[in-house]
Amino acid sequence: MAERLPTDNPIDPELRTRRYVRGSKPGSRYVQIVRPFARDFRPAGENHLVATERALRPRGAFAGALDALHRFLVGNRIASELALHERVGILKGLAIFASDNISSSAYATEEIMRVLVLAGTGALVLTMPLTLGIVLVLAVVVMSYQQTIRAYPNGGGSYVVASDNLGRLPGLVAAGALLTDYVLTVAVSIAAGVAALTSIFPGLYEHRVTLGVAFIGLLWVGNLRGIRESGTIFAIPTYAYLLSVVALLGYGVWLAIGGNLAAYQAPAEWLEVEGAQALGILLILRAFTSGAVALTGTEAVANGVTAFRDPDWRNARVVLLMMGSIFAVVFLGISFLAGQLGIVPDPSEERTVISQLAATLVGDGSAFHYVIQVATALVLVLAANTAFNGFPLLAGILGRDRYLPRQFQFRGDRLAYSVGIGVLALIAAALLVGFRGSVTNLIPLYTVGVFVAFTLSQAGMVRHWQRIGGEQRGWWWRAALNALGAVATGVVAVFAGVSKFVLGAWVVLLLVPALVLMMVVIRRHYEAVESALAVDWSRAALGPVRPPRVIVPVARLDRAALAALRYARSMSDEVTAVHVTDDPREATEIKRRWRVGAPDVDLVILESPYRALVAPLLTYIDALDAQDPDRPTTVVLSEFVPRRFWEHLLHNQAALRLKLRLFFRRNTVVVDVPFHLR
């Protein structure tokens, strides 16, 4: 039987341990190589280790509790190699990427009517013609994006298409417009969802802002769980809304054909705005662009092609076509029935048009009325999920291209872009609070950005087809289709900017250039840093370096100070200890004890009559640097670490304050020597 013999093991970068083992025959022995940390790291080549999930285990009871809470909210970690398994099919893809566009049908008709009613209830007759015009623009946009998906199967968002074909500046304008649109999508969708709830639960109306912020928080956590799991969560409300609203509209159309629609009477106080404004072209354009917000979310499918299962581009095109068709049917149905019944929008936004429609058709307070409103509220709230997929992905791409902080590229435990998700949630919540949860107040900011992005994307596609020319048959009609899309969306963008300028569109028109400028500045910073750090690694050599001067700040003569001094002596023979005090008697006592315990290390006393500790030490280090500016300085800090986290509050954290100040000094290295209390 083999017997293990003791042996000294050198440091092995692959964490292998060598043991001498005595063999079964007398005098025989062999070397046994074991991996005691095999559960933490698995080998993947020479000096190449892969960390397992066990290596990420929390250390300590408090860290363990936080990790357990994180696992409960977000779920277990997903390895990078499993990213392909997180892709979605058509049904889940429709719920994830089309919910924003489909759910817009719940408030698009109402936003048209809210503008038209300013000229009197007679102007509401234009609701259906404007709806038809918006559906026509949607058809052009959907057909145009079908071409974008085919040409850019790796994700053809407006930023990518515009940058690739029109140049950097148009690409950044498209990116800025899309980022703005995604934030507004969350705010508007949440506000509309809360409005649907307050239509059947009026008592919640005063708490609509709090409810909206809470819903954003739920979406934040839900999206941190990853795209596939969030699709599972959000699919049920999306399809519940579709089934219930299609059933309601089918029933309403059947009653209308038979001439059996119930009578509708709006409260008298809702009609007080009669004739408040003249029915001019500007008011009609404003109504059209208010309803055109329903087209938001159309680009989400083209942005997220890579999230679909293979063949990803084909599945994305199917989802885009289904999305446009479903939205058109629901939007036309709501506008048609609202016109047939003569519904008037509630000026207070307490009762939505779709709620009034359901109450008139199936009875106010009936079970199906509640089903419609709850399903509408849920799908509107969850429609913000489209932005929670689009914003982090676009921000990650911009981070990769160095136009946004690189932190946006970080993918969390569930392969979700955690930083982008968090930033979107915080900005949207602030916007919701700032506009008091009002859909009508938010809508004027909403249309311009998305149609600017549409226009640049389609113009980029025209340039794309022109560039490939003879490489693909039928390129000319594809270019013509995208040109039609660019013209249609460009006209709507101009209409929106003109008709809603004083109502808030000017904010977006200023915000987008500001975002572009910010992204350009960030890119220049990264380029400057890269240039400063660049080195020809093939010629790089680790040449001789002058030994540093080592300074050890000493607060008291204790074990922590002794550990720091020992470490400093291992680095250099030139070590200077510095003690800052405001008490001359203490300085005398420190000197006496120092001569006994550490006579071979220089001790400098800095007396501070103004009781400052950090500033005199920094000034002393500056004076040393002035004597020999090219020589590096190393400051070795002694710091004891309490056993419990709350015990840190009982100490003044002088070492931490000093580290923060020293971090920004040139030619200075800070070494922290922690002493853990037992």
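## The largest cavity

Four helices each give at least two residues to the lining of the largest cavity: helix 4 (105-116), helix 7 (168-200), helix 14 (367-400) and helix 16 (439-442). Helix 4 supplies the largest share, 5 residues. Please keep in mind that this is a predicted model.

The space in the largest cavity is about 110 Å³. It is lined by 15 residues, and the closest to its centre are Tyr107, Glu110, Ala192, Ala195 and Thr352. Sorted by class, the lining holds 8 nonpolar, 3 polar and 4 charged residues. In total, the model has 2 cavities of 30 Å³ or more.

## Salt bridges across the chain

Now to the charged pairs. The whole structure contains 16 salt bridges. One of them joins the side chains of Arg631 and Glu574, at 3.0 Å from N to O. These partners sit 57 residues apart, Arg631 in the loop between helix 22 (614-627) and strand 9 (633-641), and Glu574 in the loop between helix 20 (559-571) and strand 7 (575-581). Arg631 is buried, at 13% relative accessible area, while Glu574 is partly exposed, at 40%.

## Lys659 and its partners

Lys659 forms a salt bridge with Glu639, with the closest N and O atoms 3.2 Å apart. This pair connects helix 23 (residues 654-662) to strand 9, across 20 residues. Because its relative accessibility is 17%, Glu639 counts as buried; Lys659 is partly exposed, at 22%.

Lys659 also forms a salt bridge with Asp672, where the closest N and O atoms are 2.9 Å apart. Asp672 is partly exposed, at 31% relative accessible area.

## A network

Salt bridges also link Arg549, Asp622, Asp625 and Arg665 in a network.

Key: Residues are numbered from 1 along each chain as its sequence is written. This is a predicted model: local features need pLDDT of at least 70, side-chain atom pairs count only at pLDDT 80 or more; totals for chains, interfaces and linings use all residues. Side-chain values use heavy atoms; hydrogens and water are left out. On a 1 Å grid over the protein atoms alone, a cavity is a set of points where a 1.4 Å probe fits but cannot get out, and a pocket is an open set with protein on both sides within 12 Å along at least five of seven lines; lining residues have an atom within 4 Å of a point. Grid points are joined across faces, edges and corners, and a volume is the space filled by probe spheres set on the points. Ala, Val, Leu, Ile, Met, Phe, Trp, Tyr, Cys and Pro count as nonpolar, Asp, Glu, Lys and Arg as charged, and the others, Gly among them, as polar. A salt bridge is a side-chain nitrogen of Lys or Arg within 4 Å of a carboxyl oxygen of Asp or Glu. Buried means under 20% relative accessible area, exposed over 50%, partly exposed in between (1.4 Å probe, protein chains only).
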